[in-house]
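Me: I would like to learn how to read packing and pairing in a protein model. Could you take me through some features one at a time?

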Amino acid sequence: MASAAPALAVVAVAVAVLAAAASAAVTYDRKAVVVNGQRRILLSGSIHYPRSVPEMWPDLIQKAKDGGLDVVQTYVFWNGHEPSPGQYYFEGRYDLVHFIKLVKQAGLYVHLRIGPYVCAEWNFGGFPVWLKYVPGISFRTDNEPFKAEMQKFTTKIVDMMKSEGLFEWQGGPIILSQIENEFGPLEWDQGEPAKAYASWAANMAVALNTGVPWVMCKEDDAPDPIINTCNGFYCDWFTPNKPHKPTMWTEAWTAWYTGFGIPVPHRPVEDLAYGVAKFIQKGGSFVNYYMYHGGTNFGRTAGGPFIATSYDYDAPIDEYGLLREPKWGHLKELHKAIKLCEPALVAGDPIVTSLGNAQQSSVFRSSAGACAAFLENKDKVSYARVAFNGMHYDLPPWSISILPDCKTTVFNTAKVGSQISQMKMEWAGGFTWQSYNEEINSLGGESFSTVGLLEQINVTRDNTDYLWYTTSVDVAQDEQFLHNGKNPMLTVMSAGHALHIFINGQLTGTVYGNVENPKLTYSGNVKLWAGSNTISCLSIAVGLPNVGEHFETWNAGILGPVTLDGLNEGRRDLTWQKWTYQVGLKGEALSLHSLSGSSSVEWGEPMQKQPLTWYKAFFNAPDGDEPLALDMSSMGKGQIWINGQGIGRYWPGYKASGTCGSCDYRGEYDEKKCQTNCGDSSQRWYHVPRSWLNPTGNLLVIFEEWGGDPTGISMVKRTTGSICADVSEWQPSMKNWRTKDYEKAKIHLQCDHGRKISDIKFASFGTPQGSCGSYSEGGCHAHKSYDIFWKNCIGQERCGVSVVPDVFGGDPCPGTMKRAVVEAICG
């Protein structure tokens, strides 16, 4: 009988595991996602693992937790994980399992958006380029070759998560998964095959038995049991397609992406907080910030075309991993306020009552006696005073006040009490350069010739941004233009995205498309000589499209026609003559970006303003732990590598055109509302992860296409310059919740990276004007405004000052609502 005991033990363990799985199951009802039998209000943030480096992950995840989040949401990036068919990669920045385990260690959940189409301003929307060349394939429709590949990859990821024990019922952190991505609008256009595909995708996902709910975003007809969810700047209008499903917002856009040639978008936190509070007050129970940390499109991962290397997204954690204040801090306070309301929020539906023309209350109650109220003022201009539960409440325009006990205001979306940090880029060293000229007509062993023009991606398979198109033109001695000086006109039509024209080795013209339209036409008079002339066109891709109807069929490169006008014969069509093709640059073939490759050629003195030039420099890592970037403002367009790793494409020469003006949080936000950088580079600074550096002897390689001045390139440290605060008397805060006392508003200041407050640049208690960096005294000002800040803050890493008249030497203007404003310097 001895042998039976272990068998019984195994059975007992198995039963215990199953029981645990049943009790720990993640389900949902009409109110919320249910985890371990509890309805939960879940606050989530998108952090995409390949857009930072593993050394940054623990800190990013901790900052998400400190900011009041419950969940980290990420896409899974198919082209990063399966770079060629059946060859998988899960290391370095693509170590998905390590990332998810770090989230679990921090005590947070994961929403895993497997897609595997992700959009995400990511190259080719996350699809591997080889997928386009599977025989008979058609993307995202009822197509067997596509469905087979999609199912294979989705199954691979789900099996990997199961084998690592990462689903919630296994004791892991994954509580939700997503299949497909924003397919609804395409389904609407494409009809039956698209409907059949969406239904297949849903059933395929459910059959994988993940033990957690699946969602589909922007998919109104998501079949049961899949939850359809909302993406947008606001989602308070949204209702799921069945009454038994919870109301979920998978992408609350914290701003918008940056593109080369367009201004940089920003979204005021007052409006973002208002959008989230509106969604919660309507009965929403899951909100995810897209992005919470945007990060960097390293190497050639940016999509587009024309998506910038920075994917900062004006997110609460900036591209470099530093807190963006006041955005991060104000949202943290919002999350605390929402969590105080959770018992009432999950219990039932709100009772909505009008409090005025544009004012209303939404009240939630639980049977256990919990009560939470949201007081909204939709007016875009004016304050409103409303009566609620026998008390009066002042509501700023376009705002919501949160009262977790239906009495005490602990938070208002428009009243920002958090510190404002003004970041600066501090010079940390220059470089000594050497250069190597890319050869313009060098045809390697890989070059080939054919009649007519070929589509670029079909030739390069996206292994490089660059493809040379070269042809020759014979000019007879008797051509009139040789004698009258009227040079012929060359016209080259291209599907995109950028183009350099060389005539007999000389750069003759450059042209490029834009975010709205990648197509371009070069038209210019060209200098030809009698005899044979070489026309070399370097066609350049700037990220493959990631969104749009059948974007996988979109073309790049010179598709023609190519014509020469102004010859004796009139127009000569060059489209169908013999063209020679060379994939990539000679410098790429030599791996000049790597240590071994860069030492295989002779480098010379740096040439300035020289197109198609490689530059290299060696440097030591700057001291300290501040994040680093390269200031590329003196350069045109190209790519950067450090120690062989791709920092990304740079393009400071592309100036942003658009409308930049003042920014008011009040009223509906869209991506063109609060823009900066008009007339300036869309992106000047390029993030250099510290973990890519050695203490000494780092290799920096740059390939410049246009011709720039490398002596203007510098390494910079990103640090906090000024820190400001602007807090009014009676500012609502969480402290009110414990004390039920409104009088103790407080200013909090904090420097980062161990720096200390070295100076008080401005301070005023009264009615100051202006904004951080440009404050001035108003008509009312307490003359001892500076004293308390000098006393409490100088030499400190952090400090606090109460906003009450006594602290500032008395009330400078009784009967007026006052604010305390300060700007301090972190030294």
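Predicted model: local features only at pLDDT ≥ 70, side-chain atom pairs only at ≥ 80, totals over all residues.

Me: At what angle do α8 and α9 pack, and how far apart are their axes?

Reply: A helix pair is read from the angle and the spacing of the two axes. Here helix α8 (residues 269–281) packs against helix α9 (residues 327–345) at about 15°, and the axes are 10 Å apart. Angles under 35 degrees count as roughly parallel, and α8 and α9 are therefore roughly parallel to each other. Their crossing is right-handed.

Me: Which residues of α8 and α9 make the contact?

Reply: On the α8 side they are Val269, Leu272, Ala273, Val276, Ala277 and Ile280. On the α9 side they are Lys327, His330, Leu331, Leu334, Ile338 and Leu345. By class, this contact holds 10 nonpolar residues, 1 polar and 1 charged.

Me: How do α2 and α4 cross?

Reply: Helix α2 (residues 57–66) and helix α4 (residues 96–105) cross at roughly 40°, and their axes come within 10 Å. The two helices are therefore oblique to each other. The crossing of α2 and α4 is right-handed. In the contact, Trp57, Pro58 and Ile61 of α2 meet His98, Phe99, Leu102 and Val103 of α4. That contact has 6 nonpolar residues, 1 polar and no charged ones.

Me: What is the strand order in the open sheet of 6 strands, and which strands stand at the edges?

Reply: For a sheet, write down the order of the strands, then look at the two ends. The order is β22-β31-β23-β28-β25-β26, and the pairing is antiparallel. β22 (448–451) and β26 (506–512) are the edge strands; each has a single partner, so one side of each lacks a neighbour in the sheet. On average, neighbouring strands of this sheet are turned by 25° against each other, direction ignored.

Me: Over how many bridges do β23 and β28 pair?

Reply: Strand β23 (residues 466–475) and strand β28 (residues 531–540) pair in the antiparallel sense over 10 bridges.

Me: Is Trp253 buried or exposed?

Reply: Compare the relative accessible area with the cut-off: buried means under 20%. Trp253, in strand β10 (residues 248–253), has 12% and is buried. Beyond neighbours within four places in sequence, its contacts are Glu182, Asn231, Gly232, Phe233, Arg267, Leu272, Tyr290 and Tyr313. Leu272 also takes part in the contact of α8 with α9.

Me: How many residues of β32 are buried, and which strands does β32 pair with?

Reply: Strand β32 (residues 613–619) is mostly covered, with 6 of its 7 residues buried. Strand β21 (residues 434–437) runs antiparallel to β32 and is joined to it by 4 bridges. In that pairing, Ser435 stands opposite Tyr615. Strand β38 (residues 698–704) is also antiparallel to β32, with 7 bridges between them. There, Val701 of β38 is the bridge partner of Lys616.

Notes. Residues numbered from 1 in each chain as written. Heavy atoms only, no water. Axes fitted to C-alpha atoms, helices over the stretch in contact; angles between N-to-C directions. Parallel < 35°, antiparallel > 145°, perpendicular 65-115°, else oblique. Left-handed = near helix turned anticlockwise from the far one by under 90°. Contact = heavy atoms within 4.5 Å. Nonpolar A, V, L, I, M, F, W, Y, C, P; charged D, E, K, R; others polar. Pairing = 2+ DSSP bridges. Buried < 20%, exposed > 50% of the residue type's maximum accessible area, 1.4 Å probe, protein only.
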